[in-house]
Amino acid sequence: MKESRYYSRLIWSMLLLITAAGFFWSGTISITGEWFSGAVASVEKVSTDTVVTEEDAELKLVPAPRPTRADYPDIGVSSRSIVWVVAQMHLFFGALVLAVPLFVLVIELLGVYTGDSRYDDMAHEFMKISITAYSITALFGGTLALALFLLYPDLMTYLMRVFGAQMMVYAILFFLESMVLYIYYYGWDALRYGNAKWVHLSLGLLLNAVGATLMVTANSWATFMMAPSGVNEVGAVIGNIWEVMKGPLWNPINLHRFIANIAFGGAVVGAYAAYKCLAARTAEARAHYDWMGYTSNFIAILAFLPLPFAGYWLMAEIYAYSQQMGITAMGGILAWLFIIQAVLIGTILLAGNYYLWSGMSRTEGSKRYQGFIKYIAMVLVICFLIWVTPNTLILTSGEIAALGGSKHPLLGALGIMPAKNIAVNLMLIFTFMSFQIYRRSDKVATVSWEKAGNALMVAIYVVAIVNIIFAGVYYGYFTNTVYKVGSSVMQVVSTLTVIISGVVLDAFLYRGAKTLPSHWGQVSNRAQYALFALPIAFTWLMALMGYVRSSVRTHWHVYTVMKDTSPDNFIPTIGYAGNMMTIVTVMFVLFVLFIFWIANLSGSKQLPPYAINKVPATERVGGAA
Amino acid sequence: MMDTEEHKTPTQNPEYRDSEKRWGPKLFWVMLLVILVFFWWLLIYSHGIETKHG
């Protein structure tokens, strides 16, 4: 009775907290008065004040600052490079700490529904990585804020004026995130059974809700800088905070980052599992971390599959907002970076597939499907080569003369988007096929309609593949651009149809199936190295595409509204940008290794000196896995 | 790692499953609903403005 009263109070407190946060947010944001400072407040006030005329209201609008080069502090090192490194590190860790609790919650829920405590233990261990990363995120966030205010004071003054009290909401959310995160992690064992477990799961929900709100709030600053809304042509705020936040790129970035964060988080914790698996001294520990690595890879690749489609949406919105911006990204100076993107995504897909193929050795039933692997590998490699074929080549005049133009007579056709759309969609379909045969390898269907179900699945694959190739070739090469762009929707739908119908069909086909023995830990070490390749490629990819997203503003701090007149107001060479991306990637990997070491350290215990000779060497400090 | 009984947890023990005081799942699903409504309000609801796409 006493316990029930305690929990009921806890529930009411939580609901009150959510309601208060909602009211606070709505009160802060929707009202356009005192809380929301700057020009918008003055506009709203004058609109309801009959004494002031429209001309007076215009005069009260404050345009964006126009700093000169002298207004940018010079500390002897490139300001852009400092902000570049710190911002990217903050984003890497931010992505990790926002993503991990998302799938941890799902795994924890799975543990509750299956009654298998291993899920619960694995979720708890994933959170251990997140908790160390959280402090590092905050440290880089604070450093970034200081660097921005020091090096770009006019820009920050302007953004503060535009977003006003929304920045304080962000700070409050950060406090809330910290509190809920610590309760969620440290309360894991205290809230483990019965209603208490559900309170813990609800805390996980709250943690993810606060984290996602933090992310979309910060996203609105980035999208405002790319596609400002709620301001006039000189940057004076003329709308309320919703008009400022709800720019055309806000939701595309929200979706893209949400999905990408999950894939990235899954890849990083996969590397942790691989590290522990390789270091394991007992078969039981190796089995546990092998299973953990498999789950991480599953999360990373599953989240990665729909990511290109979110990317299409974002690029389509960028083109719709400003064709100039779209062309700068994909047809201009930044276009070559998309070739590097193809290399990195190809690496991710090849590593993910390789891990699955290696993992099939865990089950005896996988022999039935091993014949497919070579064909899947062949398709992946061919598509990868098509994807990395550039449209234009960097050639000398002699080479151009020998080639008969700047494009290769045969391979030139593969350099444009229709060919790449075919390649990407086929790579995604065949990666899903790897998943499907992996998932099927330890099962034997017992339903009477097994043959018909398999025939239907094969038909769906064939129709989707034919449709993707036909749409790409016919509309891509034999019709005009409007149909070319439209055909990519057909291709996306085909790919999604395969994925969704594959998941649904297998769920019914393998209901009540006979399960074959699966031996966790019985996997090659090479498979674990594939799990290391994934987060490195993901990190590099995020650094690359983050740079592209930011660079499309060219010489503008806030596109078309506030010019960048600093010494760094140019798009650097690809080589320089590549070096910067590599530096941040290496830095992130080093920090991640530090996190793994810390996570491992917390599980180690030094024995008292008098006991050391009585314990076998393998069980001393650092000896036990 | 084979599935064995030793991994089973009492999270779903019958005593709790059949208990009348089992309000935990309701709390969770209601909270999920509240959060989904919140994100609809934050991200999708127009707030009286029209986003210009291009």
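This is a predicted model: local features need pLDDT of at least 70, side-chain atom pairs count only at pLDDT 80 or more; totals for chains, interfaces and linings use all residues.
**First stop: the largest cavity**

Select Leu98(A), Ala99(A), Pro101(A), Leu102(A), Glu177(A), Leu207(A), Asn208(A), Gly211(A), Ala212(A), Met215(A), Phe258(A) and Asn261(A), and the lining of the largest cavity is on display. Colouring by element then shows that two or more lining residues come from each of helix H4 (79-114), helix H8 (194-226) and helix H10 (250-279) of chain A, with H8(A) giving the most, 5 residues. If the selection is coloured by residue class instead, the lining divides into 8 nonpolar residues, 3 polar residues and 1 charged residue.

Over all chains, the whole structure has 9 salt bridges.

Now bring chain B into view and select the residues in contact across the two chains, which are 49 in chain A and 36 in chain B. The area buried between chain A and chain B is about 3,900 Å², and carbon and sulfur atoms give 71% of it. On the side of chain A, pick out Arg118(A), Trp198(A) and Lys246(A), the residues that lose the most area to chain B and that together make up 17% of what that side buries.

A search for charged pairs between chain A and chain B returns 0 salt bridges, whereas 6 residue pairs are in polar contact, both residues of each pair being at pLDDT 80 or more. To see which parts of chain A face its partner, select helix H1 (2-30), H4, helix H5 (117-151), H8, helix H9 (241-245), H10, helix H11 (283-304) and helix H12 (307-321), each of which gives two or more residues to the side that touches chain B. H8(A) supplies the largest share of that side, 13 residues. Coloured by class, the side of chain A that touches chain B has 26 nonpolar, 16 polar and 7 charged residues.

Note on methods: Residues are numbered from 1 along each chain as its sequence is written. Chains are lettered from A and ligands numbered from 1 in the order in which they are written. Side-chain values use heavy atoms; hydrogens and water are left out. On a 1 Å grid over the protein atoms alone, a cavity is a set of points where a 1.4 Å probe fits but cannot get out, and a pocket is an open set with protein on both sides within 12 Å along at least five of seven lines; lining residues have an atom within 4 Å of a point. Helices (H or I, at least four residues) and strands (E, at least two) are DSSP runs, numbered from the N terminus. Ala, Val, Leu, Ile, Met, Phe, Trp, Tyr, Cys and Pro count as nonpolar, Asp, Glu, Lys and Arg as charged, and the others, Gly among them, as polar. Contact means heavy atoms within 4.5 Å. Buried area is the accessible area (1.4 Å probe) that two parts lose on being put together, summed over both. A salt bridge is a side-chain nitrogen of Lys or Arg within 4 Å of a carboxyl oxygen of Asp or Glu. A polar contact is a pair of N or O atoms within 3.5 Å; within protein, one must be able to donate a hydrogen and the other to accept it, and residues adjacent in sequence count only if both atoms are side-chain atoms.
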